[in-house]
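Please look over the sequence and the model, then consult the points below by topic.

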Amino acid sequence: MSNLKHPCNNISKLKKCYRCSVCGGLCPVKIIDITNSNGFIEPKISHQDQCINCGLCLKVCSFNSVDPIEYNTPIGAYSTVSTNPTTVATCTSGGTVYELLKHGINNGYKAIVVRFNFDTQRPEHYIAHTIEELEESKGSKYLQSDISKIIPLLSRTEKYIVVGTPCQIASLRRYLKFKKIENNFIFIDFFCHGVPSTKLWDRYISLKSKQIGNIKSVLFRAKDFGWHQSIRVKLIGTNGTTITKAPKKDIFFNYFLGDRCLSAACYDSCSFKQTNTASDIRIGDLWGTKYLKNETGITGVITFSTQGESFLKSAENIQIRSESTDTILSGQMKMNAKRSASYPIAQLAIRSQILFIALTPLCDLIDFIYGLPKRIRNHYNF
């Protein structure tokens, strides 16, 4: 019996999806285009009459599949940090992923990672063959990246370490398992809040460009004021530099972490919170109470396969300390994001620059008012 939710093997039948973009790179007749016309990447069939109904796109789709998640039982839980202070300073948390990627390249792996393309103002997956090429991957990029262009470049005889969103990894693993080359890969994903609309980024970067000129450097999580104060964006332009003065007051993060404009599946359908993963290794900032005094950055790591466990333990330049799984999970989302009270207004705001400027204060006010009862309860402990 087929494990597909839809009887027709045609991805256009999906009304929603995770927008992981994996299907766009594996279609044997190359008719699945990955577009971004409404703020999120999505697959569209360009020539319906050329579809051969092989069903591969739906067989590997982590949104469409009813198969259980491959790995969801933790093997080990750790607090980790690079032993290189420069790496820690230039990475989002503890620099652990960068050190894992370096370890991979030094041991014959190629790294499938994400860099920021300043021509398109979008993140993009690429293959790093050397440590020098890996440098561009440092730092988190809180926008969707199209991984479809990488998939046709994969070799059956090479080894890869790949970093992606949980839904990207889940779909990619299913495809590589189908191709019988799954064991050539180490999969790393992260605790994912969700992905914001690129329309938000376009509005945001347009505002900032007027202040500092054309953007030539983006640091989504600037640690200039410490790791716990890093919820701020630092931009370097042709005419200067700007960084949000107060944490959590950045307009981009207000919309993103305020759940004003995430992809629909991030609210309604995500299956990858906490320990639900198809990866060998899951990472994230080790928020919570245990490391509140640390201001350089600590990475929380959970391993889910013997391959991931041994890879982490064999990596050079990583300080590893055993933790409970609860410690790693304590600062992470336990359930999917919920649409903010200002969500309908935010959808209007990101449609144009004029509306973005005019309606953002209204979004702030709406969310403040709706959040008052919770703040009062927390303050008085009832």
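Cys23 is a buried residue, with a relative accessible area of 8%. The model is predicted.

**Cysteines**
- The count of disulfides is zero, where a disulfide requires two cysteine sulfur atoms within 2.5 Å.
- For Cys23, the closest cysteine sulfur belongs to Cys20 and lies 6.3 Å away, so the two are too far apart for a bond.
- Cys261 is also buried, at a relative accessible area of 1%.
- The sulfur of Cys261 has its closest cysteine sulfur in Cys363, at 9.3 Å, which is too far for a bond.

**Helix α6**
- Helix α6 covers residues 166–178, 13 residues in total.
- From first C-alpha to last, α6 reaches 18 Å, close to the 18 Å expected at 1.5 Å a residue.
- Eleven of the 13 residues of α6 are buried, so the helix is largely enclosed by the rest of the structure.
- Among these buried residues are Pro166, Cys167, Ile169, Arg173, Arg174 and Tyr175.
- The cover over the buried residues of α6 includes the helices α1 (23–26) and α2 (56–59), together with the strands β5 (122–128), β6 (159–163), β7 (185–190) and β11 (281–285).
- Lys180, which follows α6, has a positive phi, near 65°.

**Nonpolar surface patch**
- Leu362, Leu365, Phe368, Ile369, Tyr370 and Leu372 form a nonpolar surface patch of about 590 Å².
- Leu362 is located in helix α13 (residues 353–380).
- Leu362 counts as partly exposed, with 36% relative accessibility.

How values were computed: Residues numbered from 1 in each chain as written. Predicted model: local features only at pLDDT ≥ 70, side-chain atom pairs only at ≥ 80, totals over all residues. Heavy atoms only, no water. Buried < 20%, exposed > 50% of the residue type's maximum accessible area, 1.4 Å probe, protein only. Patch = residues over 30% accessible without salt bridge, like charges linked within 9 Å, V, L, I, M, F, W, Y side chains within 5 Å. Areas by Shrake-Rupley, 256 points an atom, 1.4 Å probe, with all protein chains shown as cover. Salt bridge = Lys/Arg side-chain N within 4 Å of Asp/Glu carboxyl O. Helix = DSSP H or I, 4+ residues; strand = E, 2+ residues; numbered from the N terminus. Expected span 1.5 Å × (residues − 1). Contact = heavy atoms within 4.5 Å.
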